[in-house]
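User: Please take a close look at one part of this structure for me. I would like to understand the protein surface around the DNA.

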2 protein chains.
Amino acid sequence: MSPYDPSAFPPFAVTVDLVVLTVRHHALCALVVRRGEQPFQGRWALPGGFVREDEDLTTAAARELVEETGLCVAEPGAPTTDPVKGAHLEQLATYGDPRRDPRMRVVSVAHLALAPDLPAPRAGGDANSARWAPVDELLQESEGARDEQSAPLAFDHAQILADGVERARSKIEYSSLATAFCPPEFTVGELRRVYEAVWGVALDPRNFHRKVTGTPGFLVPAGGTTTRQGGRPAQLFRPGGATLLNPPMLRPEV
Amino acid sequence: MSPYDPSAFPPFAVTVDLVVLTVRHHALCALVVRRGEQPFQGRWALPGGFVREDEDLTTAAARELVEETGLCVAEPGAPTTDPVKGAHLEQLATYGDPRRDPRMRVVSVAHLALAPDLPAPRAGGDANSARWAPVDELLQESEGARDEQSAPLAFDHAQILADGVERARSKIEYSSLATAFCPPEFTVGELRRVYEAVWGVALDPRNFHRKVTGTPGFLVPAGGTTTRQGGRPAQLFRPGGATLLNPPMLRPEV
DNA sequence: ACAAAAGTGTTGTAAGTACACCCATGC
DNA sequence: GCATGGGTGTACTTACAACACTTTTGT
């Protein structure tokens, strides 16, 4: 690595962008904010912002997450019943094409956040508004007439979102991450509907039940029952300690 | 995102660091270079360097790879018999702790490269020398007396290397990536020794053979045989088109 | 009574493990 | 001959898909 001479390296702006996913109305949705400025003024974009001078990348992402949604990241090992603290956050990938931002050289470290269904997004920062949008709408290629709601995302955010969705889809296979989409206590049926929404498939409720309750460390009984989904009362569960599932959940249609 | 005002964001240096892995003498090895300058002068470090003004991150990583090893990245879809062009390169993760470099704020986009066994590394850039070192030596915690060879890596490179090794270990499970450690044509036994070295386990040769030859798209017969490993002549194979393995290879001891 | 969702039992099948066993070369 | 690695056959076991069936609520 070169010495201290600042002229030896070009300066970059470094940002964090967030792919915040949740499951609403049986569909996988992402948080998008409307851009208030050029370029891409008025278009939807992923939330994000500059990394500060003395801030770690993960810290910057967690800060943006709070500013945009009020969500706090779950403390490892400290199970909480506060639905606003159950979020999962991890680094996704870094995007640094020289022309991805027309104004200057920006390297964006994208992060992936998974959250339970929240009442409503709160707009923050320099965004005019924010909303949860089904990822299917956001990612469908421009075909035929397009209304403003489903216009393509700003910058390279469609690519970032696609990468985040793909990460989530594959990661719930072999980890217990799907519980990050659920409230602190949930039923097996609710967990199944998360898998169905994220993967976009229908799962056999009977086999699913046997599988998740039989995977060690995935779920622990919370003690109560609920009928909030109708039908026979269902046992409530909390996430077990396990992070890696053995055996993994299998995504159909291979 | 904020307007053009450069005072609105702090400037960062952006580098790429490379985790270059290969299998030599039945052990997983990483390429390390000796640092010629402060800080960490004389210590081993991962190869890397600054991203240039108009350069994509992947381009920068590929350029560093050529400079340090002479390896070229494999062209997708263009199978080559040149052993120096078969390398696999992918982004690994980004490291941006404010204090990871004592001189200035550096964000490093680490990349993972997999290469077949090469004759010898060639030192390049500002490194005094370069060598292949077994990852077990590089990653073992400081315990007891340590010679210079096994001194811990500079900066946060031990963490980066550990992340790269873990990525490689898990990715050869469900992808055909293990062939990137092999020469253009190889035997089933050579491929098995790759898995054994990367995972650090012993595999049953009989079941392994059945499995890899039975996984569609993993291997295609190259037509010849070889006795370079001794014993009965073995069929030579080339990588098949498949990138994702179905069913996946299973890592023992879970 | 009926619909709806939860949960259990059973059966066929795909895939993995652990071996015994045979094959083709170099020395 | 014998050592060495390559390759096939087979029995045992696990895990998954499919689907019949029972349970417990709300209306």
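Analyst: Start with one term: a residue is near a molecule or strand if one of its heavy atoms lies within 4 Å of it. Around DNA strand D there are 24 such residues. The nearest are A:R206, A:N207, A:K211, B:R206 and B:R232.

Some ground rules come next. This is a predicted model, in which local features need pLDDT of at least 70, side-chain atom pairs count only at pLDDT 80 or more, and totals for chains, interfaces and linings use all residues. Residues are numbered from 1 along each chain as its sequence is written, chains are lettered from A and ligands numbered from 1 in the order in which they are written, and side-chain values use heavy atoms, with hydrogens and water left out.

Now the strand itself. Of the atoms of DNA strand D within 4 Å of the protein, 49% are in sugar or phosphate, and the rest are in bases.

Next, some individual atom pairs. A polar contact is a pair of N or O atoms within 3.5 Å; within protein, one must be able to donate a hydrogen and the other to accept it, and residues adjacent in sequence count only if both atoms are side-chain atoms. An N or O atom of the B:R192 side chain is 3.3 Å from a phosphate oxygen. For B:H209, the partner is a sugar or linking oxygen, at 3.4 Å. The side chain of B:R210 has an N or O atom 2.9 Å from a base oxygen.

Which elements build this surface? Helices (H or I, at least four residues) and strands (E, at least two) are DSSP runs, numbered from the N terminus. From chain A, helix 5 (205–214) gives two or more residues. Helix 5 of chain A gives the most, with four residues.

What kinds of residue are these? Ala, Val, Leu, Ile, Met, Phe, Trp, Tyr, Cys and Pro count as nonpolar, Asp, Glu, Lys and Arg as charged, and the others, Gly among them, as polar. The surface near DNA strand D has six nonpolar, eight polar and ten charged residues.

Last, look at DNA strand C. It is surrounded by 24 residues, and A:R206 and B:R206 are among the closest. Here helix 5 of chain B gives the largest share, four residues. A polar side-chain atom of B:K211 lies 2.4 Å from a phosphate oxygen of DNA strand C. A:R232 has a polar side-chain atom 2.9 Å from a base nitrogen of DNA strand C.
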